[in-house]
Amino acid sequence: MVEKTKNKEHTSNAYGIIGVCEVENRAVLEDLVNTDILRPSNYGIIHYDSPDARGIDVALLYQKQRFMPMHSQPYTLRLYDSKTQKRVRTRDQLVVSGKLEGDLIPIIVNHWPSRRGGEAASRHKRIAAAKLNKHIIDSLIFLCMSF
């Protein structure tokens with residue numbers, strides 16, 4: 001309770017946008033935004049089921065009165081096992097664009113593959129995630145330049 005009081009000294013507003021990782025499913029997010037502490041902030045949810053073998057996703061929570069989503073899209077990260085060449089299913093990267101208090105902004109929510117198995121063994125997965133992220137950023141820059 002002390003922490004809550006301390007934060008109230010800095011702002012009386014909850015976060016307008018929250019990127020969430022390690023999401024089990026939409027029901028978990030609905031339970032979260034309907035807790036006593038978050039319900040008054042009227043959060044919306046943007047969530048897509050990703051192909052992750054464990055059922056783990058990313059999502060975006062947003063205050064409906066502060067952020068108006070205009071477009072959202074998951075981008076699939078295609079990974080392959082370096083030894084077997086079999087597809088490794090992992091989390092998508094989520095792109096959302098919308099107006100935050102009147103300003104158009106893009107948001108990318110992503111959670112790259114871990115270094116499980118060691119940094120060298122997992123490097124190719126993280127490089128693939130970086131390349132997908134760069135592709136998304138480049139497309140957003142191109143889109144912004146066309147306005």
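The following is a working chat about a predicted model of a protein and some of its residues.

Student: How many helices and strands does the protein have?

Tutor: This is a predicted model, and in it the protein has three helices and eight strands. Read along the sequence, these elements follow the pattern α-β-α-β-β-β-β-β-β-β-α.

Student: And what does the protein average in pLDDT?

Tutor: The average pLDDT of the protein is 86, and 88% of the residues score at least 70.

Student: Which element has the lowest mean pLDDT, and which the highest?

Tutor: Among the elements of the protein, the lowest mean pLDDT, 47, belongs to helix α1 (residues 2–8), whereas strand β2 (residues 43–47) has the highest, at 98. Over residues 1–6 the pLDDT stays under 50, and for that stretch the model has one contact beyond four places in sequence.

Student: Switching to the whole fold, what share of the residues counts as buried?

Tutor: Of the 147 residues of the protein, 29% count as buried. The accessible surface comes to about 9,700 Å², and carbon and sulfur atoms account for 55% of that surface.

Student: Let's go to the aromatics, then. How many aromatic pairs does the count come to?

Tutor: The count comes to one aromatic pair. Y62 and F67 form this pair, which is edge-to-face, with 5.7 Å centre to centre and 70° between the planes.

Student: Why does that angle make it edge-to-face?

Tutor: The pair is called edge-to-face because planes over 60 degrees apart count as such, and the angle between the planes of Y62 and F67 is 70°.

Student: Are those two buried or exposed?

Tutor: Both Y62 and F67 are buried.

Student: Where does Q63 sit?

Tutor: Q63 belongs to strand β3, which covers residues 57–63. With a relative accessible area of 4%, Q63 counts as buried, because that value is under the 20% cut-off.

Student: Which residues does Q63 touch?

Tutor: If residues up to four places away in sequence are not counted, Q63 touches A14, Y15, G16, S41, N42 and Y43.

Student: Now for cavities, how many of 30 Å³ or more are there?

Tutor: The count comes to one cavity of 30 Å³ or more, and the largest cavity has a volume of about 40 Å³.

Student: Which residues line the largest cavity?

Tutor: The lining of the largest cavity is made up of Y48, S50, D57, V58, P74, D92, Q93 and L94. The elements that give two or more residues to this lining are β3 and β7 (93–100).

Student: On backbone angles, which residue has a phi near 65°?

Tutor: That is Q85, where phi is positive although the residue is other than glycine. Most residues other than glycine have a negative phi. Q85 is found in the loop between β5 (79–80) and β6 (87–88), and at 53% relative accessibility Q85 counts as exposed.

Student: And what is the phi of E101?

Tutor: E101, which is not a glycine either, has a positive phi of about 50°. E101 lies in the loop between β7 and β8 (103–109), and with a relative accessible area of 55% E101 is exposed.

Student: Next, where is H111 found?

Tutor: H111 is found in the loop between β8 and α3 (119–145), and at 27% relative accessibility H111 counts as partly exposed.

Student: What is H111 in contact with?

Tutor: Leaving aside neighbours within four places in sequence, H111 is in contact with C21, E22, V58 and R91.

Student: Last one, which element holds K125, and what does K125 touch?

Tutor: K125 is in helix α3 and is partly exposed, with a relative accessible area of 23%. Not counting residues up to four places away in sequence, K125 touches L79 and P113. The C-alpha atoms of K125 and T90 are separated by 9.8 Å, and these two residues are 35 residues apart along the chain.

Definitions and conventions
Residues are numbered from 1 along each chain as its sequence is written. This is a predicted model: local features need pLDDT of at least 70, side-chain atom pairs count only at pLDDT 80 or more; totals for chains, interfaces and linings use all residues. Side-chain values use heavy atoms; hydrogens and water are left out. Rings of Phe, Tyr and Trp (its six-membered ring) pair if their centres lie within 6.5 Å; planes under 30 degrees apart count as stacked, over 60 as edge-to-face and the rest as tilted. Buried means under 20% relative accessible area, exposed over 50%, partly exposed in between (1.4 Å probe, protein chains only). Helices (H or I, at least four residues) and strands (E, at least two) are DSSP runs, numbered from the N terminus. Contact means heavy atoms within 4.5 Å. pLDDT is the predictor's confidence in each residue, from 0 to 100. Accessible areas come from the Shrake-Rupley method with a 1.4 Å probe; for residues, only the protein chains shown count as cover. On a 1 Å grid over the protein atoms alone, a cavity is a set of points where a 1.4 Å probe fits but cannot get out, and a pocket is an open set with protein on both sides within 12 Å along at least five of seven lines; lining residues have an atom within 4 Å of a point. Grid points are joined across faces, edges and corners, and a volume is the space filled by probe spheres set on the points.
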